[in-house]
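Hi! Here is the structure I said I would pass on. Have a look at it first, then read my notes below.

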Amino acid sequence: MNQALNEAVVESTGMAVVDDALRRSYAHGFSTDIETELFAKGLSEATVRAISAKKNEPEWLCEWRLAAYRHWLTMTPPDWAKLRLEPIDFQAISYYAAPKRNQPKSLDEVDPKLLETFEKLGVPLHERARLAGVAVDVVFDSVSVGTTFKKELAEAGVVFCAISEAVRTHPEIIKQYLGTVVSTADNYFAALNSAVFSDGSFVFIPKGVRCPMELSTYFRINARDTGQFERTLIICEDDAYVSYLEGCTAPMRDENQLHAAVVELVTLARAEIKYSTVQNWYPGDENGKGGIYNFVTKRGECRGERSKISWTQVETGSAITWKYPSCVLIGAHSSGEFYSVALTHHYQQADTGTKMIHIGAHTKSKIISKGISAGRGQNTYRGLVKIEKSAIGARNFTQCDSLLIGKQCGAHTFPYIEVKQPNAVLEHEATTSKISDDQLFYCLSRGISEEDAVSLIVDGFCKQVFKELPMEFAVEARKLLEVSLEGAVG
Amino acid sequence: MLEIKDLHVTVANRAILKGLNLQVNPGEVHAIMGPNGAGKSTLGYTLAGREGYEAASGSVQFNGQDLLALEPQARAAEGVFLAFQYPVEIPGVNNTYFLRAALNAQRKYRGEPEIDAREFLSLVRQKLNVLHIKDDLLQRAVNEGFSGGEKKRNEIFQMAMLEPKLAILDETDSGLDIDALKRVAEGVNLLRTPERAFIVITHYQRLLDYIVPDFVHVLADGKIVQSGDKDLALKLEDEGYAWIKQRKMVEA
Amino acid sequence: MSQLLHALSGALPAPLREPLPGLPSTRTEAWRYSPLRALEAKVRAWGAQPVDAKNVSALDRSLLANALALAPHDLAAANGAVLTTTPLNPHFAAARSAFAQAAGLSRGSTHALHAPMLWICAPQLGAKLVQAQQQFSVPDGSQALLVIEQHDGGAIDSLTNLLYQIDVGASATLDVLHLQCAGAAQSVIERSEITLAADATVNYFELQCGLGWARHELSIALAGSGSCANVTALSLLSARQHADVQLSLWHQVPNTRSSTRVKAIADGRSRSVFNGKIWVAPGSDGTDAQLKTNNLLLSETAEIDAKPELEIYAEEVSCSHGATVGQLDERALFYLQSRGIAPADARKMLIYAFAAELLSRVDTVAAHPVIKQLIQNRLADQIGVGDGA
């Protein structure tokens, strides 16, 4: 039997695993009963100082936070063109929540309740339990609980730790890069994040190092009336490479909770960062009650020549998603990619897309966006491709496809195209349609049930994006999509 | 096996089949010929259960069951297979995965255990060898970017894997050159058994040189107007469908 | 109050004068790429000169009159009608409305398009401001042709503020040929609102080729089942020209179709802006809407901004848009050269072909030679002459 056929069969076996997945609704909706240190609700300079003090931060960082806070006060919330949302009362949120018993020196000392929580979420922290090749950092509410494989990574010269730890251990790098990609004044939620950010991951890959394993952060919101404001910073020096994965869940609660993250990526010459997200925050119930407001600023700068940043995201959770993982292509021949699957069901709203800013000569970008709307979900692709005068020979290809399942959902596409360089070539295509009757009947006529046929066709629709995900994540993503679509048909 | 009685089918408010009768027994090959617009493809879609092709009156019994009362996927599991005139492309869905999903769905319906990867693989291998089909077809997405000939052979391969009791081939010869036609016909002949019946829908006699039918029916204006053996197909080839029309006028 | 709006409503007697909303800035989404600062500065420079609202004239130098055997009508002066405020762009609607009141124009004089109609909008020499509003209707089942020409008003700065509404009756067909061929000193702010009844069709062709600064909001409501809109627009820009086409197609009921092709060639320091929105109402199943915009950027100091939009609230639809920005096909250039054609000529040939291809969508064949000539002249004069790309 030749290799190709074997691969095809292996793939079909993988998919069958998905088929066998339990038919269930949001599976991560439980909460952990754990003693939590919680700041009083409300936001003021004192809150900002208290967070900074809690994390033993140097004076400069406290000042940096305060400057961001003062600027935030002068800003107005963005005008949500296509979103329906309740006004957010920023004084009704607690800005710091941490499990009390969390001062572990090593993973062995982590509160067993936390270990159990992550075990239940499918993210076991015992290294022997992890599949080989993935190091994990887990963030529970406002703090990092622990990071696996630290020793192995350190031997390779890779720094992978909580950002609050990096502030202490690598202050010079933090100082050099923090806020240089997404400034504290970038937008309303980025300013808020800069003021109150709690924890997140820090990754530093030095010159010439290819990170020996996939790095992964798992974010969990647990406490009530809190927000999560994580901050992630990833730097790849010359010729370095890393593949980073991010996952997230939250308990089912009736009120909306705010998640306002900032992620900054920097690649120097010939470096590459592959950043994958499977976003599964609690989406709210089928009547649109509760769910996470996911307002995220993610941006990468390809500063060095021939460097590359690739974003892949599968967005199935959150009541509202508002994020545009972007690439600023500065270095000559640098390239940016954005692969996205966004699914909205029930009353979910997603407004997502990317910005590709071409500055360097011969920069390239590629955008593949797949939106799926079901129930009363509203799904918007919003993107910008900007080709500056300096970007001689720049090239962009964009494809945005939307799939409609049901009569009450909406699918919207708003691409902005701005070209100032006559040598650039840009192509954009977008389509919107429902699942084709022909495809559906073809599957039925071969004996496949309607529900399975829909998930099969949807899976095929998302293929271009799934194939960019690491294998393990791809299976997870398919499973999520299937679960999220439950009840969308018929 | 299959008994169609006085079948009337209306598509988009137009009467297409107007009292069709047909009986098919196990092991028989029936060819249905007729001019364009006679209702040949409508017959295939109606038997397979396509939405919008519902019977206005008449009945279809399949192995003692009311076929028309079944959902399309149930008809497939009961053993009805339609080889499409225009096989549908399903981008991103792996051909092998699709087949395995179909096969297991049908087995589940029939209360049989699902086939595991190893068994499935050996079945695929066996059928590929028999049909002389290259396995690169299998790693591609369902029909996506296939040539006309590849699509038709993929239909035959699906038929081989799903092992239906009744196979309906809807203009499987259309758009094929002579070599591709021969290969497809050869595949069909290999699948002929004393239990399995075929309805071969075609516009041209050419295909029947390679798939020799037991019966030939001429479908015109929604009815079978003439039945005979394979010589009827040759007569049609010589005299064209105009002959049928004339004959009908004389009768009227 | 903005000087520009002040000037536009300048003919108002003092007691009637009410504050008008300020001008939109580029922070307003619909005006993102069309700053009004320069235009306002220009108007300010006109000073407090009284504006003669009736200083509008038909000029007997139509481009298409001969080809189509039409007689010019001066609708603006004779029949200007007050129109209700427009939802999308309140700023200029208010100004137009104020103007119409001041000029003593009355509501309700709708011009029925029974015969082909030629409408010329051009300032008389020396006039600074042309404001025109008109309502047209196309009777049920009829076939109509409307030709709109904007002509060069000479070297003097002028501003045209134009608004027209067209109701196309059931099963009627309307062809619109719109030639914007005014001079570089002229600016135009234009809004067209077309409503299609059941089974009505509009074929709208627009050529932007001479204006200094132009903004056209073309809003088409597909309000009747079976209605169909075919929109074709071509902008040929050079020097400091600014052309902004804001198209919106409102698929309000089931079973409507639209097909849009928009092309722009930008050379010199020009800027082409295109916004093309396809909107499909809840329940409007059976909508088929396709939009394509292709752009050639020929100079390092020119800019192309495009924003095709899909906003879909129905399920059984087939909607798509495509956008490209690029240069001439290198292989085609080489092919022509390999046949002995000089590079400069090959470029011109391909640029012309890129533009003229859209003529296949213009059914009024008698107009083809005139439009072709306009394109050729434009290309010969200014576009693609330099070594651009």
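**What I found**

In chain C, of the contacts between residues at least 6 apart in sequence, 84% join residues at least 24 apart; two residues are in contact if their C-beta atoms, placed from the backbone, lie within 7 Å. Before you go on: this is a predicted model, where local features need pLDDT of at least 70 and side-chain atom pairs count only at pLDDT 80 or more, while totals for chains, interfaces and linings use all residues. Residues are numbered from 1 along each chain as its sequence is written, and chains are lettered from A and ligands numbered from 1 in the order in which they are written.

Staying with chain C, you will find eight helices and 18 strands there. Helices (H or I, at least four residues) and strands (E, at least two) are DSSP runs, numbered from the N terminus. Chain C has 389 residues, and 52% of them are buried. Buried means that 20 or more other C-beta atoms lie within 10 Å of the residue's own, exposed means 12 or fewer, and partly exposed is in between, with C-beta atoms placed from the backbone.

**Where chain A meets its partners**

Chain C puts 31 residues in contact with 29 residues of chain A. On the chain C side, β17 (303-312) and β18 (317-326) are the elements that give two or more residues. By class, that side has 13 nonpolar, 10 polar and eight charged residues. Here Ala, Val, Leu, Ile, Met, Phe, Trp, Tyr, Cys and Pro count as nonpolar, Asp, Glu, Lys and Arg as charged, and the others, Gly among them, as polar.

β18(C) also pairs with strand β25 (residues 425-434) of chain A, antiparallel and over eight bridges; strands pair if DSSP finds at least two bridges between them.

**A helix inside chain A**

Helix α8 (residues 188-196) of chain A has eight of its nine residues buried, so it is largely enclosed by the rest of the structure. Among the buried ones are F189(A), L192(A) and V196(A). Their cover includes α2 (45-54), α3 (59-74) and β9 (231-236) of chain A.

**Helices and a sheet in chain B**

How do α4(B) and α6(B) cross, and at what angle? The axes of α4 (residues 117-131) and α6 (residues 148-162) of chain B come within 10 Å and cross at roughly 130°. Axes are lines fitted to C-alpha atoms, for helices over the stretch in contact, and angles run from 0 to 180 degrees between N-to-C directions. The contact is made by L123(B), K127(B) and L131(B) of α4(B) with I156(B), F157(B), A160(B) and M161(B) of α6(B). Of these residues, six are nonpolar, none polar and one charged.

Chain B also has an open sheet of six strands, in the order β6-β9-β10-β3-β11-β12, with mixed pairing. β6 (80-83) and β12 (223-228) stand at the edges with a single partner strand each, so one side of each has no neighbour in the sheet. Within the sheet, β3 (residues 29-33) and β11 (residues 215-220) of chain B run parallel and are joined by four bridges. H30(B) has F215(B) as its bridge partner in β11(B).
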